[in-house]
Amino acid sequence: MGVQDAIAEISTFLGQRITRSKSDLDIHGRSESHFPQSPPDAVAYPETTDEVARLVRVCAAHGCPVIGWGTGTSLEGQAQAFDGGIVVDFTRMNRILDIRAEDMDVTLQPGVTREALNQELRATGLFFPVDPGANASLGGMASTRASGTTAVRYGTMRDNVLGLEIVTPAGEVIRTGSRARKSSSGYDLTALFVGAEGTLGLITELTLRLHGQPEAVSSAVCGFASVGDAVAAVIETIQMGLPMARIELMDSASVAAVNAYAGMELPETPHLLLEFHGSETGVAEQAETFGMIATEHDGTGFDWATRPEERNALWTMRHNAYHAILGARPGARARVTHRCGPISRRAEAIEATQADLAQTGIEGPILGHVGDGNFHAILLFDETDHKAAAAASALSERMVLRALDLGGTATGEHGIGRGKLGYMAREHGGGWAMMGALKQALDPGNIMNPGKLVPPHDPT
């Protein structure tokens, strides 16, 4: 009865902004990937930090799980209420509070999306670079330590969050970090909460680092005879220190899917999608240097795009690749998996994954952010075919274990959630137990997104 009592008490101050309608519960029970529908007991729509804090205090008193929700684009079940409870939807906390162009930072609420922020920043000459593809909320991106196509140059959310306002599991409001660009003052609590996936508290405000819009931008596509050739070109590019803004891989199957989906006419061979940022002269020099590297690895069909509409079309194609791949096989379920590891082992990891796909017969187009060691395989299967679902799961596991064996990580950008929980002990050893100890110390009642990221513990 704890959850029901919490819902009743919260309704006294949120009114109709806490709902149990079937449509709301269904929307907030879904995942972007392969997880089953898991609706919460209720969905709350707070508008202020005070309301969030009051809600959490009620839930703490009644032992009711609390799960944060941005736009629901996470891929490892982070925002699903597998154990019931109240989902806190931050879409109404979507105000940009203060843009400080002279300091190149911004403070905003967690429901602001990255596209909305960059739209607001257009007149300032600044932009926020972290681009996971989906128009995700910035609170959700911080919670999962997201990255994306531009991480090779601008870093991930870890590198671009200066400070946070957090509602703790006890319903207290604390601030972490500052607007200073560096600090040696105590534990880095901001870094602790960035990537904590809502297991230690709810983010109610963020201060983010901004970057100057580049004077010149040039994008390109380049075809290769094999994935190995493309990855070899990437490795040489990175090792030379060429400052790429984006460098993305699409294998033959991915190219075929986007051709059909977006009416493109790319040769159906592996391609790199590239972008250079800088001065007019710098961009031209970078492009010329990459061209020489690509030629050494049998790169062909360079197609450069400098006009904004051409560049936008190129990156829209890349960002829509997931939907294009799903569209190539109507009715299929996707298990979106990925690996991330050292520069020198990228080609080995991709080629081993291709061999696994060929051996199992599973369709799994490969694409990803090869500039920082990350690639995805979109494993397609019929969810009514239990044998196919099990084969996709086994293949995903082989990819993760191979990444760990090669000195990498179980997840470069999707996070842990429920989906990657089984690999944490192998990756972190005793460090995972330490994460669990932090969780137990800060959230003894285990109300904050229980069953995710850390070892399970019983509430005290």
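Author: Let us begin with how an angle between elements is defined: axes are lines fitted to C-alpha atoms, for helices over the stretch in contact, and angles run from 0 to 180 degrees between N-to-C directions. The model before us is predicted. In this model, helix α14 (residues 346-360) lies across β13, β16, β17 (366-368) and β18 (374-381), and the helix runs at about 10° to β18.

Reader: In what order do the strands of the open sheet stand, and what is the pairing?

Author: The order of the 7 strands is β15-β12-β14-β13-β17-β18-β16, with antiparallel pairing. At the edges are β15 (300-305) and β16 (333-340); each has a single partner strand, so one side of each is left without a neighbour in the sheet. From one strand to the next, the twist averages 20°.

Reader: How many bridges join β13 to β14, and which residue in β14 does Glu248 stand opposite?

Author: Strands β13 (residues 244-250) and β14 (residues 271-278) run antiparallel and are joined by 6 bridges. Glu248 has Leu273 of β14 opposite. Helix α9 (residues 227-239) packs on the sheet, where it touches β13 and β14, and its direction makes about 165° with that of β13.

Reader: Let us turn to a single residue. Is Glu51 buried or exposed?

Author: A residue counts as buried when its relative accessible area is under 20%. Glu51 has a value of 17% and is therefore buried. Its place is in helix α3 (residues 49-62).

Reader: With which residues is Glu51 in contact, leaving aside neighbours within four places in sequence?

Author: Those contacts of Glu51 are Phe13, Leu14, Arg17 and Pro46. As for separation, Glu51 and Gly171 lie 120 residues apart in sequence, while their C-alpha atoms are 10.0 Å apart in space.

Reader: How is empty space in a protein found, as a general idea?

Author: A probe the size of a water molecule is rolled over the atoms, and this shows where empty space is left. Here, the second largest pocket has a volume of about 800 Å³.

Reader: Which residues lie nearest the centre of the second largest pocket, and which element gives the most to its lining?

Author: Of the 37 lining residues, Arg145, Val194, Gly195, His428 and Met435 lie nearest the centre. Two or more lining residues come from each of α7 (157-160), α8 (189-193), α16 (424-428) and α17 (430-442). The most come from α17, which gives 5 residues. By class, the lining of this pocket has 14 nonpolar, 15 polar and 8 charged residues.

Technical notes
Residues numbered from 1 in each chain as written. Predicted model: local features only at pLDDT ≥ 70, side-chain atom pairs only at ≥ 80, totals over all residues. Heavy atoms only, no water. 1 Å grid on protein atoms, 1.4 Å probe; cavity = no way out; pocket = protein on both sides within 12 Å on 5 of 7 lines; lining within 4 Å. Points joined across faces, edges and corners; volume = space filled by probe spheres on them. Helix = DSSP H or I, 4+ residues; strand = E, 2+ residues; numbered from the N terminus. Nonpolar A, V, L, I, M, F, W, Y, C, P; charged D, E, K, R; others polar. Buried < 20%, exposed > 50% of the residue type's maximum accessible area, 1.4 Å probe, protein only. Contact = heavy atoms within 4.5 Å. Pairing = 2+ DSSP bridges.
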